[in-house]
Amino acid sequence: MELGSKKKLHALSLAEKIQVLELLDESKMSQSEVARRFQVSQPQISRICKNKEKLLADWCSGTANRERKRKRESKYSGIDEALLCWYHIARAKAWDVTGPMLLHKAKELADIMGQDFMPSIGWLVRWKRRNNVGFGARHVFSPPFPPEPPPPGLTSRSQPPLSLKDFSPEDVFGCAEVPLLYRAVPGRVGACDRVQVLLCANSRGTEKRRVLVGGLQAAPRCFFGVSSAALPASYHPDLGIPWMEWLAQFDLDMGRQGRQVALLLAARVVEELAGLPGLCHVRLVPLAATSPTLSLPSSVVRAFKAHYRHRLLGKLAAARSERAGTAPAEAGAGITVLDALHMAAAAWAKVPPQLILSSFVQEGLAPSKMPPCPDKASELPPVPSGLSLEEFARFVDLEGEEPVPGVCKEEPVPKDEEGGRRDIVEPLPTKADALRALSTLRRWFECHGTSPELFEKFYDCEQEVERLCCP
């Protein structure tokens, strides 16, 4: 037989394979008859019938190239699927998706999945062909949920900024710099007791970023021997917020989660960050300098400060009960920056998600079907004993008062029982010290009629300390 007479292989496209299945289902034609009609072999028709479900799934997905004749599976199918999912999300948000953007995202997804993969132009061409990306006329998808008309009675200020409509409420974040007098006592404001706290949360209140505290002290004595990774908040030795480092970490965290988020910021901060290298996953949304709306609702900031002040008063009361006759100012001087870090983290955790959600909605920073709730008093801590509601409200807003002039001291130097100076560096607690402290605390609970619920929390703490002490 001559080579020229060898039968040429005829492969069917996806659309033709669907026609084959329709003919077999709707008529009484045999596989051999269908094979003759399409000029292919009968075994090829048999393979099409065998892969019927998979072919129909590809056809109905709307993403497959219907003119392809063979589907070559990628070695990196997980990256293929993840990139296709991201692509559809990006197009649904009307983003202008380019080839370099797809290559960058594919590499990023591969790193997240722990795969050693470097996408090339050839791989991208095959990926687009496999998934029908870029075939036909280009079009922009409409958002799956069109914005609802505003309820009667609400002004235009209650509508979210236009650029936020491209993001889901869970992906809209607000942040604020909060000046805080961390060891002030009622009626006295120290000029050197100020720290700067950075708070950040999404508009649903379901996600709060780690608190950042900036202070004047470069190396506070109370941080000696402390592992920064073990702390519930971060410390920066400057009152200025390190925006570049903080945003870079935020962008990295969102990239690991495969998210694109919006971050509300004051216009002046966005202007200061004009030279910042491109962020891939965080989009900065500046609020107009003339806008009365803050990048984090003022009611959320005030709730944080109220919880902090409530915890501070409790700590001051405990210090005064330990040493009778101690003046409030002297008790306040014993509060360290490390104490402030813990109290700030605890106060931020106490701000309820429902308050954050309703505050974002009321100030027009997030869309919602629920009406804004103007009464937020139930979300605040109770007024401490010894203070009236007005006095506590003034204490919460203490930062607006004129500070008392004085000499700035780095930290109060610890003293011994006779009033003399102790060694500046105290020895670090040992495992034995921690276990003895647990025994002392449990004994104190036993002698003072503690509730069963508190014992349950103590047991969890005891178990964790014992695990750390006896690895």
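S203 turns up in the loop that links strand 2 (194–202) to strand 3 (212–214). Helices and strands here are DSSP runs numbered from the N terminus, with at least four residues (H or I) for a helix and at least two (E) for a strand. This is a predicted model, so local features need pLDDT of at least 70 and side-chain atom pairs count only at pLDDT 80 or more, while totals for chains, interfaces and linings use all residues. Residues are numbered from 1 along each chain as its sequence is written, and side-chain values use heavy atoms, with hydrogens and water left out.

S203 has a relative accessible area of 0%, so it counts as buried (under 20% relative accessible area; exposed is over 50%, partly exposed is in between, with a 1.4 Å probe and protein chains only). A polar atom of the S203 side chain sits 2.6 Å from the backbone oxygen of P169. Contact (heavy atoms within 4.5 Å) ties S203 to P169, V172, I356, L357, F360 and A366, leaving out residues up to four places away in sequence.

Six strands form an open sheet in the order 4-3-2-1-5-6, with mixed pairing; two strands pair if DSSP finds at least two bridges between them. Strand 4 (234–236) and strand 6 are at the edges with a single partner strand each, so one side of each has no neighbour in the sheet. From one strand to the next, the twist averages 25°. Strand 1 and strand 5 run parallel and are joined by three bridges, and G174 stands opposite L264 in strand 5. Helix 8 (residues 243–256) packs on this sheet, touching strand 1, strand 2, strand 3, strand 5 and strand 6, and its direction makes about 160° with that of strand 5. Axes are lines fitted to C-alpha atoms, for helices over the stretch in contact, and angles run from 0 to 180 degrees between N-to-C directions.

What about the greasy parts? A nonpolar core is a set of buried Ala, Val, Leu, Ile, Met, Phe, Trp, Tyr and Cys residues joined through side-chain atoms within 4.5 Å. The largest one has 56 residues, and V197, Y308 and W348 have the most contacts inside it. Among the elements giving two or more residues to this core are strand 1 (172–181), strand 2, helix 10 (298–322) and helix 12 (337–350). A second, separate core of 18 residues includes I79, L83, L84 and V133.

K105 is buried, because its relative accessible area is 4%. Beyond its neighbours within four places in sequence, K105 is in contact with L83, W86, G258 and H281. The side chains of K105 and E108 are joined by a polar contact of 3.0 Å. Such a contact is a pair of N or O atoms within 3.5 Å; within protein, one must be able to donate a hydrogen and the other to accept it, and residues adjacent in sequence count only if both atoms are side-chain atoms.

Last, the cysteines. With a disulfide taken as a pair of cysteine sulfur atoms within 2.5 Å, the count is zero. For C200, the nearest cysteine sulfur is that of C175, 5.1 Å away. C200 is buried at 1% relative accessible area, and C469 counts as buried at 12%.
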